[in-house]
Amino acid sequence: MDLLEYIEKIPKAELHLHIEGTLQPELLLKLAKRNNVSLPYSSIQKIKDAYQFQNLQDFLDIYYAGANVLRTEQDFFDLTWDYLEDAHRQHIIHVEIFFDPQTHTERGIPFSVIISGIHKAMERAKKNLGINSQLILSFLRHLPEESAFKTWEEAKQYKHLFVGIGLDSSELGNPPKKFKNIFAEAKKDGMKLVAHAGEEGPASYVREAIDVLNIDRIDHGNKCLDDENLVTEIIKKGLALTICPLSNIVLKNTPCMEEHPILKMLEKGLKVTVNSDDPAYFGGNLVKNFEAMATNLPLTKNHVYQLTKNAFEASFIDESLKEQYL
Ligand code: HPA
Ligand code: ZN
């Protein structure tokens, strides 16, 4: 079996995936029409042409504008189902999905509509496709902590439907410590904790996410490489990093795939995993991320095996059930 076939066939887990970032141009146009939302694009090609980003904020502006077509439970169902079908085609058997409720509640969509649509698609995928999926509620860090608390008060009645909380959106100027209290509160409620850190922000944000927020896993974390002591601490603690190679290139956090540090991180002993982040915007799904690594880096089957094993080990699958995946 050659490397590309191995990548495709090996049963995989994905741990860093924003459901709003799976909105493909075809569904974007379809939902805009269905909900009478006007878009600045008239064709799939024009949408694809608009996806040129200089940095994270450029992308986020387009991502939030796209999310505006999501209005009904059916829309959230269709979005999630499309992703899960694609995940099935890629032999992903476990996925942890971020959703950004504030992106929708801020424009008047009830929390219940969002979570029901997503959850029903997850249930169907479990039954019909055999995919295990879990939800992580992600707070928007450009909003104040009070907004996260308000969201949490509403979300708590559905907490049996998600495993953890996360932190995403504009990183620079919004350090992890801004969300110290809500993370402590969610931990008391039994939530797993993750946060985007060190994507665009400095190594000190990664340290803060570990020391102040007490996270169980780091999303991105690439910038930890600027601080050798921090790398040593992350390895010692066994904290995993959810690396998103194509995202890093498209958002210009890494100059090109040939220079991506993921294999160096693996060799240092960091528990790194491969993920697609926002596949509709960053040039492809999880398999495409592995393929881009295969084309541009000295990737071997052993690397693919290790990266995949890391993802199952770093997942929030119940410890008693993990063995069946490893
Ligand atoms: N970074 C930060 N926030 C996000 C991202 C990302 O890649 N995708 C969706 N929200
Ligand atoms: Zn992300």
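# Reading a binding site and its surroundings

Visitor: In which strand is His196 placed?

Guide: His196 sits in strand β5, which covers residues 192–197; please keep in mind throughout that this is a predicted model.

Visitor: Is His196 buried or exposed, and which residues does His196 touch?

Guide: Burial is read by counting neighbours, and a residue with 20 or more other C-beta atoms within 10 Å of its own is taken as buried. His196 has 28 other C-beta atoms within 10 Å, and is therefore buried. If residues up to four places away in sequence are not counted, His196 touches Leu167, Asp168, Glu171, Asp219 and His220.

Visitor: Which residues does the UniProt record mark as "binding site"?

Guide: The unreviewed UniProt entry places that feature at His16, His18, His196 and Asp277. Although these residues span 262 residues in sequence, no two of their C-alpha atoms are more than 11.8 Å apart, so they gather at one spot.

Visitor: Where is Asp277 found, and what is in contact with Asp277?

Guide: Asp277 belongs to the loop between β8 (271–274) and α14 (286–296), and, with 30 C-beta neighbours inside 10 Å, Asp277 counts as buried. Once neighbours within four places in sequence are left aside, the contacts of Asp277 are His16, Leu17, His18, Gly21, Cys244, Ser247 and Phe282, and two of these, His16 and His18, carry the "binding site" feature in the UniProt record.

Visitor: What can be said about phi of Asp277?

Guide: As a general idea, most residues other than glycine have a negative phi. Phi of Asp277, however, is near 65 degrees, a positive value in a residue other than glycine. Asn214 also has a positive phi, near 60 degrees; this residue lies in the loop between α10 (203–211) and β6 (217–220), and is partly exposed, with 13 other C-beta atoms within 10 Å.

Visitor: Which residues surround ligand 1, and how do they divide by class?

Guide: The residues around ligand 1 are His18, Gly21, Leu56, Tyr63, Asp168, Ser169, His196, Glu199, Ser247, Asp277 and Asp278. Sorted by class, this shell holds 2 nonpolar, 5 polar and 4 charged residues.

Visitor: How do the axes of helices α8 and α9 lie to each other?

Guide: In general, two packed helices are described by the angle between their axes and the distance between the axes. Here the axes of α8 (residues 145–155) and α9 (residues 180–188) come within 9 Å and cross at roughly 20 degrees, which makes α8 roughly parallel to α9. In this contact, Glu145, Ala148, Phe149 and Trp152 of α8 meet Asn181, Ile182, Glu185 and Ala186 of α9, and by class the contact has 5 nonpolar, 1 polar and 2 charged residues.

Visitor: Where does Gln24 lie, and which residues are in contact with Gln24?

Guide: Gln24 lies in the loop between β1 (12–18) and α2 (25–34), and counts as partly exposed, with 17 C-beta neighbours inside 10 Å. Apart from neighbours within four places in sequence, Gln24 is in contact with Asp82 and Ala280.

How values were computed:
Residues numbered from 1 in each chain as written. Chains lettered and ligands numbered in written order. Predicted model: local features only at pLDDT ≥ 70, side-chain atom pairs only at ≥ 80, totals over all residues. UniProt positions renumbered as here; feature names shortened; annotations may be inferred. Helix = DSSP H or I, 4+ residues; strand = E, 2+ residues; numbered from the N terminus. Buried ≥ 20, exposed ≤ 12 C-beta atoms within 10 Å, placed from the backbone. Contact = placed C-beta atoms within 7 Å. Near = placed C-beta within 6 Å. Nonpolar A, V, L, I, M, F, W, Y, C, P; charged D, E, K, R; others polar. Axes fitted to C-alpha atoms, helices over the stretch in contact; angles between N-to-C directions. Parallel < 35°, antiparallel > 145°, perpendicular 65-115°, else oblique.
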